[in-house]
Amino acid sequence: KEGLTKTRENFVGKIEEVFTGRKKIDEELYDELEEALIGSDVGVHSSLELVERLRKEVKKRKISQPSELNEVLQELIAELLGEEETLNFAEQGPSVILVVGVNGVGKTTTIGKLANRLKKDGKRVIMAAGDTFRAAAIDQLEVWGERSGIEVIKHREGSDPAAVAYDAVQAAKSRNIDVVIVDTAGRLHNKVNLMEELRKVKRVIEREIPGAPHEVLLVLDATTGQNALQQAKLFQEVAGVTGIVLTKLDGTAKGGVVLGIRGETQIPVKWIGIGEGIEDLRPFVPQDFAAALFN
Ligand code: GDP
């Protein structure tokens, strides 16, 4: 519920406007609802889908009062979001989490938070500074490492990210590490290079640990709304994303994009970022999210 205030106001505010002051459920209501959903970054496809499902439920349950629709919609949204999905780990040996995303979305921060969280869960964690393009990214990861007492494997700025990944994986294998979290570059303006770099990093990891990476986490900035959706589609194609971390949900009214991402890409949102602090990362629980939106 924390951090969702603005989304709740925006999202449910718009929907309640559609439902209130109406005496019956008619085509106009469905049209307006569709518009309200699309305007809340839910995505065209998911908005149409939700309205379609709502129509069916209204018929099935013989609902006639617009005031009853809120509750049904909440159920349908929870359903659309699916079950809670947690991180995949190796059954034996080190697990590798590859973290991808465009610069500025909160990738480094997310890695710092996640590493800290996994360590608190009792896992032995190391981080790999794979965004070798930006010296600041390497430094920043080190700051997070110092905060939580987690080692960072790094090379010089401009070095080969695949070599950093290789070293991190070797270190993990020889030192009984449970989880390696690998940062990557996010220069979207050079799409071909980015894709090649990601593929190469992934290949090295796959070669060194069969079954790895166990997780390819895409970090998306909720405040960018439709852009986040576009990035999800792009990275899904390029990197085979297995889960999404949606950052900056605190203070944004665009939390509806959670629905869009799930509806348009089928990739589960696994974590949400709700602040800049080390503790501000939460597992994404669809039922709770849907409930928080409406209550
Ligand atoms: P990167 O370029 O993707 O590695 O992004 P950074 O991790 O450097 O984050 C960019 C900015 O977003 C920083 O100022 C972070 O403090 C901020 N940030 C990251 N995650 C969150 C979040 O969940 N909420 C808020 N409010 N800010 C965040």
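**Entry 1: E208**

I began with E208, which lies in helix α8, where helices (H or I, at least four residues) are DSSP runs numbered from the N terminus. Before going on I noted that this is a predicted model, in which local features need pLDDT of at least 70 and side-chain atom pairs count only at pLDDT 80 or more, while totals for chains, interfaces and linings use all residues. I also noted that residues are numbered from 1 along each chain as its sequence is written, and that side-chain values use heavy atoms, with hydrogens and water left out.

Is E208 buried or exposed? I found that E208 counts as buried because its relative accessible area is 17%, and buried means under 20%, exposed over 50% and partly exposed in between, with a 1.4 Å probe and protein chains only. Leaving aside neighbours within four places in sequence, I listed Y166, V169, Q170 and K173 as the residues in contact with E208, contact being heavy atoms within 4.5 Å. With Q170 there is also a polar contact from side chain to side chain, at 2.7 Å. A polar contact is a pair of N or O atoms within 3.5 Å; within protein, one must be able to donate a hydrogen and the other to accept it, and residues adjacent in sequence count only if both atoms are side-chain atoms.

**Entry 2: A165**

Next I looked up A165, which has its place in helix α7 (residues 161-174) and counts as buried because its relative accessibility is 0%. Apart from neighbours within four places in sequence, A165 is in contact with V182, V201 and I205. I also checked A165 against K202: the two are 37 residues apart in sequence, and their C-alpha atoms are 8.7 Å apart in space.

**Entry 3: the cavity**

Rolling a probe the size of a water molecule over the atoms shows where empty space is left. I searched the whole structure and found one cavity of 30 Å³ or more, a cavity being a set of points, on a 1 Å grid over the protein atoms alone, where a 1.4 Å probe fits but cannot get out.

Which residues line the largest cavity? I wrote down G130, P161, D183, T184, A185, E197, L198 and V201, where lining residues have an atom within 4 Å of a point. Helix α8 (residues 191-208) gives the most to this lining, with three residues.

**Entry 4: helix α10 and R262**

I then turned to helix α10 (residues 257-265), which is mostly covered, since eight of its nine residues are buried. R262 has its place in this helix and counts as buried because its relative accessibility is 14%. Not counting residues up to four places away in sequence, R262 touches L80, L81, E85, I267 and P268. Just after α10, I noted that Q266 takes a positive phi of about 70 degrees.

**Entry 5: the ligand**

How many residues surround the ligand? I read off 17, the closest being G104, T108, T109, D250 and E276, with a residue taken as near if one of its heavy atoms lies within 4 Å. An oxygen atom of the ligand is 2.7 Å from a polar backbone atom of K107, and I noted 3.2 Å from a ligand oxygen atom to a polar backbone atom of V105.

Terms used
On a 1 Å grid over the protein atoms alone, a cavity is a set of points where a 1.4 Å probe fits but cannot get out, and a pocket is an open set with protein on both sides within 12 Å along at least five of seven lines; lining residues have an atom within 4 Å of a point. Grid points are joined across faces, edges and corners, and a volume is the space filled by probe spheres set on the points. Helices (H or I, at least four residues) and strands (E, at least two) are DSSP runs, numbered from the N terminus.
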